Amino acid sequence: MMRVALDLLGGDAAPEATLQAAAAALDAWPDDLSLLLVGPGDLLREARSRFPRDRVAWLAAEEFIGPAEPPALAVRRKADSTVVRGLEAVRDGRADGFVSAGPTGATVVASVLTLGLLPGVDRPPVGALFPTATGRVLVMDVGANVDVRPRQLHQFAHLGSTYLRRTLSVGRPRVGLLNIGVEGEKGGGAIATAHGLLSADPELHFVGNVEGHQIVTGACDVLVCGGFVGNVLLKFYESIAEFVLGIFRNAGVGEGGELGEALRFLDYAEYGGAPLFGVDGVTVICHGTSPSRAIMNGIRTAADCAASGFTSVTRTSLARMPQESGA
């Protein structure tokens with residue numbers, strides 16, 4: 001049974017949304033999930049009666065890192081924050097993974113400082129699954145690294161391919177490089193160099209550059225890009241479901257039945273949180289505006305990553321990655 005640590009103070013709707021997510025996750029997966037709930041002592045005492053004793057443990061953490069605080073400084077100063085304490089539980093073996101809808105920057109910094117980076121990783125990317133016409137695509141990175149070098153994009157490709165193979169059973173993931181054209185020299189020096197690295201790597205199934213209009217067609221399984229572009233893409237995708245719903249509402253079309261089911265496919269809450277790749281442990285980051293259903297699915301993502309042995313398999317995959325210098 002996997003035990004996932006949950007930051008009860010993470011997210012705009014915390015703690016009620018996180019408590020609801022915890023209860024829903026325990027109900028949804030009664031045979032293979034337990035939780036370590038991390039929050040202030042007063043909150044933990046109030047919440048105890050809502051959960052079964054045999055599947056929930058409690059960890060007191062009296063501090064919270066807010067979205068306006070400088071991440072590195074806040075993580076170092078607030079050793080008793082929910083993010084730091086939750087990640088320490090993963091490091092020390094008291095939990096198999098950690099989930100937070102708190103500030104992304106603080107969660108990334110705390111994960112790197114507490115869990116450490118896997119050998120061969122310069123910067124940890126955040127990967128998010130987007131719906132496509134043929135299934136899903138994993139976009140790497142969606143916001144952790146604004147400026148990236150070619151070798152880091154190369155690392156992102158390995159991390160994403162390993163995740164899809166191990167956790168989602170994709171046999172040979174197709175890797176694409178987000179660009180403004182399909183030609184190898186498109187996109188400038190760094191992107192063109194990354195194209196060369198990806199093309200020359202026999203461990204990857206690289207299908208070349210992928211343009212924006214090809215993403216929704218399912219042109220690849222892993223889409224590699226810098227965090228600036230990836231975050232713009234993520235937020236655009238998240239807006240699509242509500243935009244389409246608004247069009248149908250204005251036209252007087254109901255949301256039930258087949259239409260409602262189709263729109264669920266576009267809803268980011270169905271995909272839950274985004275794993276932080278390249279750290280020596282399981283961290284899943286949820287959007288700050290996540291409803292309880294998104295956080296619940298983030299808990300499932302963390303449990304699946306831990307159960308699949310994703311971290312150890314990633315370490316092996318990175319060891320096989322060609323080492324380039326100066327890229």
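This note reviews the salt bridges and the cysteines of the structure shown above.

1. Basis of the note. The structure is a predicted model, in which local features need pLDDT of at least 70, side-chain atom pairs count only at pLDDT 80 or more, and totals for chains, interfaces and linings use all residues. Residues are numbered from 1 along each chain as its sequence is written, and side-chain values use heavy atoms, with hydrogens and water left out.

2. Salt bridges in total. A salt bridge is counted where a side-chain nitrogen of Lys or Arg lies within 4 Å of a carboxyl oxygen of Asp or Glu. Under this rule the model holds 13 salt bridges. The points below discuss some of them.

3. D32 and R300. These two side chains form a salt bridge with an N to O distance of 3.7 Å. The pair connects distant parts of the chain, since D32 sits in the loop between α1 (16-28) and β2 (33-39), while R300 belongs to helix α10 (residues 292-307), 268 residues apart. Helices (H or I, at least four residues) and strands (E, at least two) are DSSP runs, numbered from the N terminus. D32 is partly exposed, at 33% relative accessible area, whereas R300 is buried, at 15%.

4. A network. D32 and R300 are also joined with D304 in a network of salt bridges.

5. D42 and R45. Here the closest N and O atoms of the salt bridge are 2.4 Å apart. Both residues lie in helix α2 (residues 41-47); because they are three residues apart, about one helical turn separates them. R45 is exposed, with a relative accessibility of 57%.

6. E69 and K78. A further salt bridge joins the side chains of E69 and K78, at 3.0 Å from N to O. E69 is partly exposed, with a relative accessibility of 26%.

7. Cysteines. A disulfide is a covalent bond between the sulfur atoms of two cysteines. In this note, the term requires a pair of cysteine sulfur atoms within 2.5 Å. How many disulfides does a search of the whole structure find? The search finds zero. For C225, the closest cysteine sulfur is that of C220, 9.9 Å away, which is too far for a bond. For C305, the closest cysteine sulfur is in C286, at 12 Å, again too far for a bond. C225 is buried, at 5% relative accessible area, and C305 is buried as well, at 2%.

Technical notes. Buried means under 20% relative accessible area, exposed over 50%, partly exposed in between (1.4 Å probe, protein chains only).
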